[in-house]
Amino acid sequence: VYTKAGTTVTIYRSLKKHLQAFSEARRFPITFDRITAQFDDKLRGYFLSDLKLTNNTIAKYIRNLKTFMGWAQERGYHSQLDYLRFKSREKDKEVYALTKDELMTIYNAEIPDGRLARVRDVFCFACFTGVRYSDVADMQREDIHDDLLHVTVRKTKETLKIPIISFAQNILERYSEDNKPLPVISDQKTNAYLKELGQSLGIDTKVRRIYHRGSEVIEEWVPKYQVLTFHMARKTFVTLSLILGMSETVVKQISGHKKDSSFRKD
């Protein structure tokens, strides 16, 4: 059984569903031996023409397929090596940030207790601390002491000590009676609810969104709530910290960034 933790399970389930639909639509039975260059061409064509997926989304599915094929090869399930030549490079996507006014609008909004209020709190906590979704989801009460959040980053395994400023502390206090420090739900639902929240609060400044589908470059201007995702919290933390005068060195120490390229992108 191929097992992965957390949100990765959802990704592989989605890939499996698409492969099954592709197999039926193209009448192409899928076995390890048939994962060849021909399969790669047909699958990409299906993703583009039938599902209208962007190049980055296709690259993610191909990358996950290659990871699975590597796992299966290591365990002797196949000896097919064509998958190693499948291209899965993604283009950098624009990462947006909230302004200080937008963040405080979300933070101060009077929202009846419920899913939007809980998602707002988790998102704002991340904006004030710079933590990733996976690290908020892993957070335990034992990780919080001496006004610091002690995080072992799932992505890098590095341990960070993050100051908990008053805004973040106020959020934690709302859930002081709960087992978990914060009411984290799945990242898919979180991102969907964030868009709903942003729209209801008028987070609608127009931003440019660019994506690629095949050889086509598509550019559109959309209200910011349409691109509101949990990852925007990390970009917001970095951007506002620098604007408010925190040194780049200190911001990197808190966020855990090692490479300048990642720091600029995030």
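This is a predicted model: local features need pLDDT of at least 70, side-chain atom pairs count only at pLDDT 80 or more; totals for chains, interfaces and linings use all residues.

Me: How many bridges join β2 to β3?

Reply: Strand β2, residues 148–152, is joined to the antiparallel β3 by five bridges. To find the pairing on screen, look for leucine 148, which stands opposite proline 163 in β3.

Me: How do I read the length of helix α5?

Reply: Compare its span with the one expected at 1.5 Å a residue. Helix α5 (residues 115–129) has 15 residues and reaches 21 Å from its first C-alpha to its last, close to the expected 21 Å. Just after α5 comes glycine 130, with a positive phi of about 80°.

Me: Is α5 mostly covered or mostly exposed?

Reply: Count residues with under 20% relative accessible area, the cut-off for buried. In α5, 13 of the 15 residues are buried, so by this cut-off the helix is mostly covered.

Me: Which residues touch the most other members of the largest nonpolar core?

Reply: That core has 41 residues, and Phe123, Phe125 and Leu182 touch the most other members. At least two residues of this core come from each of several elements, including α4 (100–108), α6 (133–138), β2 and β3. The element that gives the most is α5, with nine residues. Another core, of 18 residues, lies apart from it; Leu53, Tyr61, Leu65 and Tyr83 are among its residues.

Me: What is phenylalanine 123 in contact with, leaving aside its neighbours within four places in sequence?

Reply: Its contacts are Leu98, Ile106, Leu194, Leu228, Thr229, Phe230, Met232 and Ala233. Asparagine 191, in helix α8 (residues 187–200), is in contact with Leu228, Thr229 and Phe230, again leaving aside neighbours within four places. Asparagine 191 and valine 227 are 36 residues apart in sequence, with 9.1 Å between their C-alpha atoms.

Me: How many cavities of 30 Å³ or more are there?

Reply: The count comes to two. The second largest cavity holds about 30 Å³ of space. Its lining includes Arg118, Val119, Tyr133, Pro183, Thr190 and Phe230. Helix α5 gives the most to that lining, with three residues.

Technical notes: Residues are numbered from 1 along each chain as its sequence is written. Side-chain values use heavy atoms; hydrogens and water are left out. Two strands pair if DSSP finds at least two bridges between them. Helices (H or I, at least four residues) and strands (E, at least two) are DSSP runs, numbered from the N terminus. The expected span of a helix is 1.5 Å times one less than its number of residues. Buried means under 20% relative accessible area, exposed over 50%, partly exposed in between (1.4 Å probe, protein chains only). Contact means heavy atoms within 4.5 Å. A nonpolar core is a set of buried Ala, Val, Leu, Ile, Met, Phe, Trp, Tyr and Cys residues joined through side-chain atoms within 4.5 Å. On a 1 Å grid over the protein atoms alone, a cavity is a set of points where a 1.4 Å probe fits but cannot get out, and a pocket is an open set with protein on both sides within 12 Å along at least five of seven lines; lining residues have an atom within 4 Å of a point. Grid points are joined across faces, edges and corners, and a volume is the space filled by probe spheres set on the points.
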